[in-house]
Amino acid sequence: NGTVTLTVERSEEEGREWLGFRVADTGIGLTAPQIDRIFEAFSQADASTTRRYGGTGLGLAITRRFSQSMGGGVSVESVPGQGSTFTIRLPADMRAPAGAAAPV
């Protein structure tokens with residue numbers, strides 16, 4: 001009976017354009033110790049979460065690595081019992097600078 005909200009925004013910092021994707025929910029939320037390990041592969045917030053909600057614990061680890069490979073990152077803010085907000089920030093321009101070698 002909760003909500004999930006997706007917000008996308010474009011911003012500029014230090015002369016560089018960024019895209020921000022924010023996913024906020026009104027779910028169960030996370031404690032600080034859970035946040036510390038939420039991006040680890042095959043890790044869930046805790047065993048009871050895995051039993052109750054399912055999943056393998058790979059989604060956030062893959063998301064973080066994919067975002068980092070594109071020059072961005074992922075962060076999370078959460079309050080237990082109130083929900084979580086995950087933010088992905090990526091460079092708006094993924095083209096290589098002029099004269100740079102193309103990735104292999």
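Mentor: Let us begin with Ser11, which stands opposite Trp18 of strand E2; strands here are DSSP runs (E, at least two residues), numbered from the N terminus. This is a predicted model, in which local features need pLDDT of at least 70 and side-chain atom pairs count only at pLDDT 80 or more, while totals for chains, interfaces and linings use all residues. Residues are numbered from 1 along each chain as its sequence is written, and side-chain values use heavy atoms, with hydrogens and water left out.

Strand E1 (residues 4-13) runs antiparallel to strand E2 (residues 16-25), and 10 bridges join them; two strands are said to pair if DSSP finds at least two bridges between them. Together E1 and E2 form a hairpin with two residues between them, and in that turn Glu14 has a positive phi of about 50 degrees.

E2 also pairs with strand E4 (residues 83-91), again in the antiparallel sense, over seven bridges, and here the partner of Trp18 is Pro91. Trp18 has a further neighbour, since Arg89 lies over the face of its ring, at 4.4 Å from the ring centre; a charge sits over a ring if NZ of Lys or CZ of Arg is within 6 Å of the ring centre and within 35 degrees of the ring normal. Another such arrangement involves Phe39, with Arg64 over its face at 3.9 Å from the ring centre.

Definitions and conventions:
Helices (H or I, at least four residues) and strands (E, at least two) are DSSP runs, numbered from the N terminus.
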